[in-house]
Amino acid sequence: MLSKSLGGKRGSLVAILAIYIGLLLVAYLNSPNLGNFGITVLSGLFQGMLLFLVAAAMSIVFGLMDVLNLAQGAIFMIGAYVAYDAQHPGGVIDLTAVVPNNDVRFIVALALGFGAGALLGFILERVFLRPLYVRPIFQLVLTFGVSLILIELAQIVWGTTPNSWVEMFGVRENFFVLFGQRFSTYRLFVVGFGFVLIIVIGLLLKRTRLGIIIRAGVEDREMVQSLGINVKAVFTLVFTLGCAVAALGGAVAAPFLGAAPSLANTYLLTAIAAVVLGGMGSYYGTAIASLLVGLAVAVAQDATIGTSLGVLPSITPLLLLILVLLVRPSGLFGSSR
Amino acid sequence: MTEPLLEGRQLRKAFGGLVAVDEVSLQIAPGSAHSIIGPNGAGKTTLFNLLSGRYRPTSGTVWFKGRNITKLPVYQRAHIGMGRSFQITNLFPQLTVLENVRLAVQAKGNDSFRLLRRVDTFTAPIEKALEVLELVGLRESAALPASVLPHGGKRKLELAILLAGDPEILLLDEPTAGMASEQVPELMATIDRVRRDGGQTIVLVEHNMNVVMSISDRITVMHLGRLLAEGTPTEIAGNTLVQDVYLGQLYDLSAGETPQS
Amino acid sequence: MNSLKSFLKRDGWMLFIFIGLLAFPFIVATLTGSSPTGVPRGDRMIMRGESVRWQAVLIEVFILSLLAMSYNLLFGFTGVVSFGHALFFGLSGYIFGILLEYTALDTGLATGLGIVLGIAASGLLGLGIGLATLRLKGVYFAIFTLALAEMAYIFFSRLQLTKAEDGFAIGELPVWLDPTQSRLTFYYITLAVFVVGFLLLRRLMASPTGAVFKAIRENEDRAQSIGFNTLRFKLLSLVIAGMMAGAAGILQVMLNKKVGPEMLGLTYTIDPLLMTIIGGTGTLLGPVIGAAGLHLLDVGLRDQVIALGGASIRIADVWGLILGAIFILVVMVFPYGIVGTYQRWRLKRQHRGDPASAATSRAARRQSG
Amino acid sequence: MNDSAPVLAIENIHTFIGQFHILEGASVAVQQGGITVLLGRNGAGKTTTLKSVMGITPPSQGSIHFRGEPLAGKPSNVIAQMGIGYVPEHRAIFRELTVKENLQIAERKRGDLARRGDLIFDLFPDLKRLYGLPGGNLSGGQQQMLAMARALVPENHLLLIDEPSEGLAPVIIEQLMRAITRLTDHASVLLVEQNFRVASRLANDYVIVDEGQSVASGLIANLVNDDALIQRYLGVA
């Protein structure tokens, strides 16, 4: 069933399972105890989930519209800034006075991040991308330019120095103890939230009319249009939702990563790595690849702590990307069409 | 029959589960004009692409002048004397008409890695290109970008690019496709003239029956991925089986048809 | 005699500009009453005064032009989109810098060796990338190069040996070459490299090889079917572009007397892309005009302050924003860039009045669409 | 001939695809409840005629009226919404979608599929059995049935069907022909068919398209006996 929804690429599935097991094995052997191992895995899943939020929409949008949205990382960054800003006294959209309850305010901040992403996505598609559907290379260049502008804007509005999360909302500071190690409740929450989202989006694609239209559109847009469906409107909707989810990812990540201009390019490249690994346009492929990249980074972080190889974790996704492209030019689950 | 110039042996091509060409063998005699016809979906374009090297056959072999060329890359086929045209006009649109043809001349020679000599000091390829343009009647348009030629002109340029490579065999994929009807005779006259002057062998996929009947020495008829009949234009015109296919006889299963999935 | 006349008619204006650039340091010196060689202090020269200041600006224009031209060879002439051009630029810069600072070689020898090795390494890198990946289709190739450049960036920003993020300074260059000592000489050297690079590229694009590059950009399938092994030509294009960008990187290191990971950063990929698109992709002069225009604009506006309502905005702070806006404007409104749009306009004017002109412009529109 | 206004009236259209001048003056009419077949050789412009109606390759000259309304300038989704179903050449079903999803996507109003389910399964009983399978797993004939069924999900007044018999075995063709005949209770049909025998059994009216122009039209019953016309435009010689 899973192999079918991945385009029947059984070999790739086996390969990816082997990589997963290998990674877990390395993590296990590297851990002094079970608790440490657990922390590495949780950290990997956490990072993988954040990645998924950026990569999933990128993959779907590419499959449906043939647009690789290079502004997706910048939108993630904007989401982080908006959520951060709403939580802090003296911010541009300071909500501390309006919503005094920390937890409620956090939820509102997430919603604001989501909304900001949606708005940006809507404008980007309607105003900028729509005239360029006939010139694909220029779309790539354009979203790249938009990414630049968003990064610059963020620096103008919020300054160039990275903001780390000063005042955590309640959950972040909670820990629970397992195998003698303290686990962050917030990370667990994000991982859970991510799994729910993977399933929700999956169901959306599988069950809803919009999902059917998206999957059909990936195959044959002209025919979808001939059935009476306004494909342009679907493009706008999908692109808007995609940007909204990426911004939500940024908002969710903010308590851990803070808000900084560098988030944009870091997450763009890592997400591209996940998208390509998963095979562009393959939703579950992207989900699996995102978690894989996250796990690989966490294992690399754990393995290189205190060594001179500190650079390894940050280049792990790129290494994976390059290796996969060399071996399989269209990704692990991509169609060779 | 003399040794065939181009030959397909038991060619078969499947796309996924769909068999587009099924065990077709075909011999093209040197100096002949050989047309491949058949109703839509008969597999004639696929057969053509197998012969020209665009597709690799699922099984079977392609032979040119007694040499097995099944696995020869496309760019090398040009060097051994095969030239193909495309159904959809396929030019270098921003380059001039002359440049389009000159490149094809150059491709045959050894000048392509002369990085620092100006192109216009290589006079021989330019003269050759102009000669070919004269032949197809495009000499006056030599300096225009290819993209501004009218459609008929583009098809002629397509032909000129082919001829510039000095091919022994011309594989023409629907040369009249999309042309306004009144331009067709002119192009066909050009093809015919070229062939008589240069003595090239021609393989033609075409749906315009007037063209096929007037230009061909031999005709191969495809139907449902298989070879249905082969013969001279007169034989084919009188062949009842072919008539039936073109007019759509409903066969019953016993008539040798296989259901296709 | 006759050929001289036709040369002057065709290229006279370029010669004119070249002479202008040769005289430039002295013209500025005369106009501002400053010295073209700087101010002597003891046995050293101090680079102070309008003339040397503007020499530095033009030196950067030459370097950026070289970089943009090499990008244009790939993107504009051969149709290969790379998002990792900074790789060539930065790698040769690092090789050059490391030879000067981390080896015990004599300064002159290290400089010469650095130039040769840096450029050779860029060429080899191009060859390697090409062999490994030119079979990748458009977007994938772009991503591959982006990932490679970013990896190099991260690697060098963490490498303690080369002072990680800060980069390292070049202590000593041969005095005659050192822009902090002999800026005028260095000005002429970069001008020479730039002019030679431009002429070589022009020659290349007028050669049979250049014709094949353009053919690949226009229609790679067809180029194959008329008999070109397009992979070999794409490799060649990548190697030449890599070497040119490598040369630009070395000049940049000489100018700033510093090597740092920023040379491998996205900026040096985006800038040449931007300059090429603004100037006109696939035109010889486009990248030069784009590079000169953007850099001069940057220099001219950097210190300006605009009062907007109550707030005052320093242009330098919003420079990236302005660049981005130009970027988007050009992509959406002038996809052919300055030179490309001009050429189209001239073509249209030439055809005005003859009946084919309508068809020409229609065809051109359709091409663009 | 039917006296009432035709469901579809194509008048003298010219259509370009890029610089290809495909249609050079084609006129076709489809009567209420009738089947009109477009005949002609490969490349004559039959498929382009259907695509011109659908707005996929809009004509640059001439007019197309559907139930009295002009279609000029409308995008294909709006044209479809007006009540035209399109069954393109090579089926164009969605291979990754199940049969059920292929039908669901064609719904224009909620419950269309439920309303038309009986009719569809009555015409194409096979589909019931294949309901959960991906379209790509179906045989050519089954895919053709699915493509036609898909056009039946919403209430269409006109169906454009392109070469339904292409590449199919005779038994399957027979089944399809029976289905098409019964379709006319629900919609008028404009059919492209190269198989003359199939065409002559199905259609009421014919239009012969040759080199982008409609060169002859009338009742199919008259054409069957007109050997000269058949030879001239449809035969091999």
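How many residue pairs are in polar contact across the interface of chain C and chain B? In this predicted model, the rule finds 6 such residue pairs, with both residues at pLDDT 80 or more. Among the 5 pairs of chains that touch, the most contacts are between chains B and C, whereas chain A and chain B do not touch, their nearest C-alpha atoms being 12 Å apart.

**Chain C against chain B**

- The contact draws on 32 residues from chain C and 35 residues from chain B, and the area buried between these two chains is about 3000 Å², of which carbon and sulfur atoms give 64%.
- The rule finds 1 salt bridge across the interface of chain C and chain B, in which the side chains of C:Arg222 and B:Glu158 meet at 2.4 Å, N to O.
- On the side of chain C that touches chain B, at least two residues each come from α6 (183-205), α7 (208-218), α8 (220-225), α9 (230-256), α13 (337-351) and α14 (356-368) of chain C.
- Of the elements on that side of chain C, α7(C) gives the most, with 8 residues.
- By class, the residues of the side of chain C that touches chain B divide into 14 nonpolar, 10 polar and 8 charged.

**Chain A against chain C**

- Here 38 residues of chain A are in contact with 34 residues of chain C, and the area buried between the two chains is about 3500 Å², with carbon and sulfur atoms giving 86% of it.
- The side of chain A that touches chain C takes at least two residues from each of α5 (102-129), α6 (136-158), α11 (262-278) and α13 (312-327) of chain A.
- The element that gives the most to this side of chain A is α6(A), with 13 residues.
- The side of chain A that touches chain C has 31 nonpolar, 5 polar and 2 charged residues.

**Chains A and B as folded units**

- Chain A has 13 helices and 2 strands, and buried residues make up 58% of its 337 residues.
- Among the contacts in chain A with a separation of 6 or more, 75% are between residues 24 or more positions apart.
- Chain B has 9 helices and 10 strands, and of its 261 residues 58% count as buried.
- For chain B, residues 24 or more positions apart account for 66% of the contacts with a separation of 6 or more.

**Helix α4 of chain C**

- Helix α4 of chain C covers residues 107-133, which is 27 residues, and reaches 38 Å from its first C-alpha to its last, close to the 39 Å expected at 1.5 Å a residue.

**Two buried loop residues**

- B:Ser32 lies in the loop between β2 (18-28) and β3 (33-37) of chain B, and because its relative accessible area is 8%, under the 20% cut-off, B:Ser32 counts as buried.
- Leaving aside neighbours within four places in sequence, B:Ser32 is in contact with B:Arg195, B:Gln200, B:Thr201, B:Ile202 and B:Asp217, while the C-alpha atoms of B:Ser32 and B:Val21, 11 residues apart along the chain, are separated by 23 Å.
- C:His85 has its place in the loop between α2 (50-78) and α3 (86-102) of chain C, and C:His85 is buried, with a relative accessible area of 0%.
- Not counting residues up to four places away in sequence, C:His85 touches C:Leu67, C:Ser70, C:Tyr71, C:Leu74, C:Ala241, C:Ala245 and C:Thr269.

Terms used
Residues numbered from 1 in each chain as written. Chains lettered and ligands numbered in written order. Predicted model: local features only at pLDDT ≥ 70, side-chain atom pairs only at ≥ 80, totals over all residues. Heavy atoms only, no water. Contact = heavy atoms within 4.5 Å. Buried area = accessible area lost by both parts, 1.4 Å probe. Salt bridge = Lys/Arg side-chain N within 4 Å of Asp/Glu carboxyl O. Polar contact = N/O pair within 3.5 Å; in protein donor to acceptor, adjacent residues only side chain to side chain. Helix = DSSP H or I, 4+ residues; strand = E, 2+ residues; numbered from the N terminus. Nonpolar A, V, L, I, M, F, W, Y, C, P; charged D, E, K, R; others polar. Expected span 1.5 Å × (residues − 1). Buried < 20%, exposed > 50% of the residue type's maximum accessible area, 1.4 Å probe, protein only.
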